[in-house]
Amino acid sequence: MELPQDFKERMKSQLGESYGDFLACFEKERVYGLRYNPLKIEKEKLASLLAAYHISLEPVGWAQEGFYYPSDAQPGKLPLHEAGAYYIQEPSAMRVVELLDPRPGEKVLDLCAAPGGKSTQIAGRLRGRGLLVSNEIVPERAKILSRNMERIGAVNAVVLNETPERLAERFPAFFDRIAVDAPCSGEGMFRKDIEARGEWSSAQVEICAKRQRDILSQAVKMLRPGGILVYSTCTFAPMENEDMINWLLKEYPQFTLEQSEQIWPHLQRGEGHFAARLCMDADRSAAYERISGIDTTAQSYTDAGRSVSKSRIGRSKERIDKKKYSTREMQQAVEEFCRETLSQERYEQIEAQMKAGSLELFGDQLYLKPAGISSLDGLKVQRAGLQMGCCKKNRFEPSHAMAMALHPKEARQVLELEEPERYLRGETVSCPSYQKGWVLVTVSGCSLGWGKAVQGTLKNHYPKGLRRM
């Protein structure tokens, strides 16, 4: 494998005697990994299901949800993948969320989140409780992130398309934990990414380091006293890794470094990855407040910014004509659908959220906002929580996202597919004649989408943009 000469010279100086082993690893085959999704399936069940496809799994030692799978397997083509039962991810990248260690009920920010590997892992750890804000500054990548959050069935995630500066203005001292998987020179991906090798230069490392400092300087403003910050990159460059942590500790003395790790491809089964876990000292927050001018006593998000323009989701339509459908009429339509389609327990949960004011209209779509965030006005929003659906001709039509977030036991009517590939192609499938109306379609007990049953035939409501050819 051809590597940049400047990179090789620096690594030889950096590694010394182990440089030869490091260089040799680039001629070896890389490893492949996936994470099971605890929102959808149990670890043991997934291993058994994939074994039926002759895909053997081996645990990743540094991530409790992670597995290695054989290089000749293609788990991304299976219906279980479309159902969100697992997420395909490079094994080393799984270590970041293990260090972050998010807990159910906490408020967590994934600041540089696309395409969603770490956000989907965080969502699994939160188990639907608390708040996850996943942000991506590049619009097209934010759309990919949003689709991945939908696929894994996250109900408490907000996906934003904002700059770190804008977020710091809106969420001062707000989050319990923040992950900053910073844009970097990508040296750790050289074995799997030809483009990363071609784009690398010593100058690019310096550019990345400056960008990383800018991002971190905003991230620290959003962490509550006593909170945890995990900084990570997929590079070996000290300027972007150890030097960055040293800069952070000097610039923000209220932080303490708790752990720092570098995964080396010649020493571990994974690509190159660096991660450091830091804690903001609650006892020193008052001194930090005097230095920075940031109010670190804020414990909840306020409605600052309500005077600015309303948030919209991507390039969706403007807010629906309120004269056509009143807020009360829309809520009644949602309630009627949930009462008829969902289990009593799930219906009562959604009803309680709506009574608490969580139901909100973005474009022509209704969303249930997660608890803990009162307003998204003025922000660029890709996903405002759980997308419920929209009102059409005095009826409510549920979204694909709503189906993906349901467990089979939460729907009154369920159809376990015998031929899921037909459904994924958009074909109609047969169903029991007693089924009528909306039916949750599943594969191996994982929700896959909606169908509408009429006289023994299930009309396919799998999104056209996701269908297989």
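Trainee: Why is Ala173 called buried?

Mentor: Buried means under 20% relative accessible area, exposed over 50%, and partly exposed in between, with a 1.4 Å probe and protein chains only. Ala173 has a relative accessible area of 1%, so it is buried. This is a predicted model, in which local features need pLDDT of at least 70 and side-chain atom pairs count only at pLDDT 80 or more, while totals for chains, interfaces and linings use all residues. Residues are numbered from 1 along each chain as its sequence is written, and side-chain values use heavy atoms, with hydrogens and water left out.

Trainee: Is His54 buried or exposed, and what is its phi?

Mentor: His54 has a relative accessible area of 74%, so it is exposed. Its phi is near 65°, again a positive value in a residue other than glycine. His54 belongs to the loop between helix H3 (43–51) and strand S2 (58–59).

Trainee: Which residues does a cis peptide bond join?

Mentor: The cis bond joins Ala114 and Pro115, with omega about 5°. Pro115 lies in the loop between strand S5 (107–110) and helix H6 (117–126).

Trainee: How do you know that the buried residues of helix H1 are on the same side?

Mentor: The buried residues of H1 (residues 5–15) are Phe7, Met11 and Leu15. They cover an arc of only 45° around the axis, so they are on the same side of H1. The arc is that of the directions from the helix axis to the C-beta atoms. The face turned away from this buried side carries the exposed residues Lys12 and Ser13. The buried residues of H1 pack against helix H2 (19–24), and just after H1, Gly16 takes a positive phi of about 65°.

Trainee: What makes S2 and S4 edge strands?

Mentor: The open sheet has four strands in the order S2-S3-S1-S4, with antiparallel pairing. S2 and strand S4 (86–88) each have a single partner strand, so one side of each is left without a neighbour in the sheet. Two strands pair if DSSP finds at least two bridges between them. Four bridges join strand S1 (residues 32–36) to strand S3 (residues 66–69), and the bridge partner of Leu34 in S3 is Phe67. H3 packs on the sheet, touching S1, S3 and S4, and its direction makes about 130° with that of S1. Axes are lines fitted to C-alpha atoms, for helices over the stretch in contact, and angles run from 0 to 180 degrees between N-to-C directions.

Trainee: Which residues touch the most other members of the largest nonpolar core?

Mentor: Of its 40 residues, these are Val180 and Leu229. A nonpolar core is a set of buried Ala, Val, Leu, Ile, Met, Phe, Trp, Tyr and Cys residues joined through side-chain atoms within 4.5 Å. Another core, of 30 residues, lies apart from it and includes Leu46, Leu424, Val439 and Leu448.

Trainee: Why is Glu410 called buried, and what is it in contact with?

Mentor: The relative accessible area of Glu410 is 15%, so it counts as buried. Leaving aside neighbours within four places in sequence, Glu410 is in contact with Leu342, Ser343, Arg346 and Ala405. Contact means heavy atoms within 4.5 Å.

Trainee: What makes the chain as compact as a globular protein of that length?

Mentor: The chain contains 16 helices and 22 strands. Its radius of gyration is 23 Å, close to the 23 Å that the globule rule gives for 469 residues, so it is as compact as a globular protein of that length. The radius of gyration is taken over C-alpha atoms, and the rule is 2.2 Å times the number of residues to the power 0.38. Buried residues make up 57% of the 469 residues.

Conventions
Helix = DSSP H or I, 4+ residues; strand = E, 2+ residues; numbered from the N terminus.
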